[in-house]
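Here is a chain to read through questions and answers.

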Amino acid sequence: MLGNSLINQTIQNKWAELEPPRAEILTGCLFLFPSLAGVLIFFLLPFLGGFYYAVVDNPVDGRFVGLMNFIHLLGNQAFQKAAANSALFTFICVPLNMGISLFLALLIKRAGKASRAFQRFFIFPLVIPVASVAFFWQIVFEPNGILNNLISSYDLTPIDWMKTGWSMVVIIIVYLWKYAGYNVVLFLSALSNIPAEYYESAEIDGANSLQQFFHITLVYLTPAIFFVFIISIINSLKVFRETYLIAGKYPHDSIYMLQHYMNNMFISLDYQKLTSVSYLTAAFVTILVFVFFTYQKKITSSFS
């Protein structure tokens, strides 16, 4: 009995050493409270409260209709067009963004001491106000803009960039210009955590640069690649601001995105469609993140 009590006392003492004092826990909670309260009041509660509009037929004294709003939404041609354009935009932009960002990060890593200056340069587009970004690209791509003047100087026919199928290309360029730098910084941070000894050992074993890239760099970049992939998808769904400011309320059909559809539903006070498309988008992103993080854990565990 005496031995058991000594063991229990020892365990309690060790646990007390590991457990932070209650005063520290209380202080931490007090510092977290403003942020948690802001998230709860301005994000979580409105998000949950909006579900009411998605399951009734009228925002005022509406009748419960279950999933009928979602079914009608899926059959709506404008929604189908917006969803298809958003999916195409994401399918093109995300791989391009990741490939360009990784390539630039590898080049900058070789720059040595100058890499910090390059990092500041690539992060610069993120701190520029959206209105300034839109104004700059309007000057470049408007009918009498810089690019068309350059084309005209070579006796070629100017292109109405924002009123033709080229508008998708313009938005892709804007997206890459704005978000590629952020991904470059993320990749550079991950590259700096790969021990140089691994590359030295690989060189001694006769591995060339391509073999080192696939068997060392990509393996240790796997968590960063998955994170950048998710962030790139989320950012591709936030391109509405630039598109709206460059192309206006009624853009070309090829760049009519989900955000345009939601904005139109908000203006027309169609809360049923607005909340339904919001919840569908949120559900899609949540499922996508869950699947890819689960897949990442399996890949990471296979390397360890």
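Q: Which residues does Ile255 touch, not counting residues up to four places away in sequence?
A: In this predicted model, Ile255 touches Asn85, Met162, Ser167, Met168, Ile171, Thr243, Ala247 and His260, with residues up to four places away in sequence left out. Contact means heavy atoms within 4.5 Å, so each of these residues has a heavy atom within that distance of Ile255.

Q: What makes a set of residues a nonpolar core, and which residues have the most contacts inside the largest one?
A: The members must be buried residues of the nonpolar kinds, joined through side-chain atoms within 4.5 Å. The largest such core has 24 residues, and those with the most contacts inside it are Phe89, Trp137, Met162, Tyr175 and Ile255. At least two residues of this core come from each of helix 5 (77-109), helix 7 (130-141), helix 9 (166-192) and helix 13 (240-247). Helix 9 gives the most, with eight residues. Another core lies apart from it and has 20 residues, among them Val184, Leu188, Leu191 and Ile194.

Q: Why is Thr281 called buried?
A: Its relative accessible area is 19%. Buried means under 20%, so Thr281 counts as buried.

Q: Where does Thr281 lie, and what does Thr281 touch?
A: Thr281 lies in helix 15 (residues 271-303). Leaving out residues up to four places away in sequence, Thr281 touches Leu237 and Leu258.

Q: Which residues of helix 14 are buried?
A: In helix 14 (residues 258-267) they are Leu258, Gln259, His260, Tyr261, Met262 and Met265. Each therefore has a relative accessible area under 20%. Just after this helix, Leu269 takes a positive phi of about 60 degrees.

Q: How many helices and strands does the chain have, and how many residues?
A: The chain comes to 15 helices and zero strands. It has 304 residues, and buried residues make up 34% of them.

Q: What is the confidence in the chain, and which elements score lowest and highest?
A: The chain averages a pLDDT of 82, and 88% of the residues score at least 70.

Technical notes: Residues are numbered from 1 along each chain as its sequence is written. This is a predicted model: local features need pLDDT of at least 70, side-chain atom pairs count only at pLDDT 80 or more; totals for chains, interfaces and linings use all residues. Side-chain values use heavy atoms; hydrogens and water are left out. Buried means under 20% relative accessible area, exposed over 50%, partly exposed in between (1.4 Å probe, protein chains only). Helices (H or I, at least four residues) and strands (E, at least two) are DSSP runs, numbered from the N terminus. pLDDT is the predictor's confidence in each residue, from 0 to 100.
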